[in-house]
Amino acid sequence: MTEGTLPTLTQSAIRGIACKCPRCGKGRLYAGFLDLRPNCEVCGLDYAFIDSGDGPAIFIIMIAGAIVVGCALIVEVKYQPPLWLHAALWLPLILATTLLPLRAMKSLLIALQFYHKAAPGRLIDREPK
Ligand SMILES: [Zn+2]
C-alpha cells in the first residue's frame, strides 16, 4: 500500500484492534500500556492528531458493567452466595473485562478517527461576498 491510498473501514478496524498505525498498519501505536508514540516508526505518521478522550473508557465501562452486573445478578438470584464470594468472583472479572480490552478499544477509536478524519470543530468564516 502506498502512502497516497487510504485504508478501507475494515482495514482501519483491524489495524485498530491490532494496535497498529492507522495509516500503514505496520508501525506500533503504543510506547507503553496506553501511552502513544509520537509518530509511526514505519510511515512517519504524526500521532499528534489523536484525541480519543474518554471514549474508550466509556465503551469499556458500559460493556463491562453490563457483563459483571448481569453475572452478579444471576448468581445472586440462583445461589445467594455470601458477600465475600461475590467479591472473590467479580473483582477479577471487573479487572479482566476492563483492562484487557482497553488498549484495543482505544486504538480502534484512534483508527476510526483517522479513517473518518475526525477533528475538533472549527468556526468558519460566513462573511457575505
Ligand atoms: Zn504507519
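Which residue just after α4 takes a positive phi? Lys117 does, with a phi of about 55°. The views below show a predicted model in which local features need pLDDT of at least 70 and side-chain atom pairs count only at pLDDT 80 or more, whereas totals for chains, interfaces and linings use all residues. Residues are numbered from 1 along each chain as its sequence is written, and side-chain values use heavy atoms, with hydrogens and water left out.

View 1. Helix α4 covers residues 102-116; helices are DSSP runs of H or I with at least four residues, numbered from the N terminus. The end C-alpha atoms of α4 are 21 Å apart, in agreement with the 21 Å that its 15 residues should span at 1.5 Å a residue (the expected span is 1.5 Å times one less than the number of residues). Among the buried residues of α4 are Leu102, Met105, Leu108 and Ile110 (buried, under 20% relative accessible area; exposed, over 50%; partly exposed, in between; 1.4 Å probe, protein chains only). The buried residues of this helix pack against α1 (9-17), α2 (55-79) and α3 (83-99), where contact means heavy atoms within 4.5 Å.

**View 2. The aromatic pair Phe49 and Phe114.** The count comes to 1 aromatic pair (rings of Phe, Tyr and Trp, the last by its six-membered ring, with centres within 6.5 Å; planes under 30 degrees apart are stacked, over 60 edge-to-face, the rest tilted). Phe49 and Phe114 form this tilted pair, at 5.9 Å centre to centre and 50° between the planes. The pair links Phe49, in the loop between α1 and α2, to Phe114 in helix α4, 65 residues apart. Phe49 is partly exposed at 29% relative accessible area, whereas Phe114 is buried at 15%.

**View 3. The surroundings of His86.** His86 lies in helix α3 and is buried, with a relative accessible area of 12%. Its side chain is joined to that of Glu76 by a polar contact of 2.6 Å (N or O atoms within 3.5 Å; within protein, one able to donate a hydrogen and the other to accept it, and residues adjacent in sequence counting only if both are side-chain atoms). Leaving aside residues up to four places away in sequence, His86 touches Ala72, Val75, Glu76, Pro81 and Leu91.

**View 4. The zinc site.** Cys21 (SG), Cys24 (SG), Cys40 (SG) and Cys43 (SG) are the protein donors of the zinc ion, 2.2 to 2.3 Å from it (donors are N, O and S atoms within 2.8 Å of the metal, or 3.2 Å for Na, K and Ca). Cys24 and Cys40 are both buried.

Notes: Helix = DSSP H or I, 4+ residues; strand = E, 2+ residues; numbered from the N terminus.
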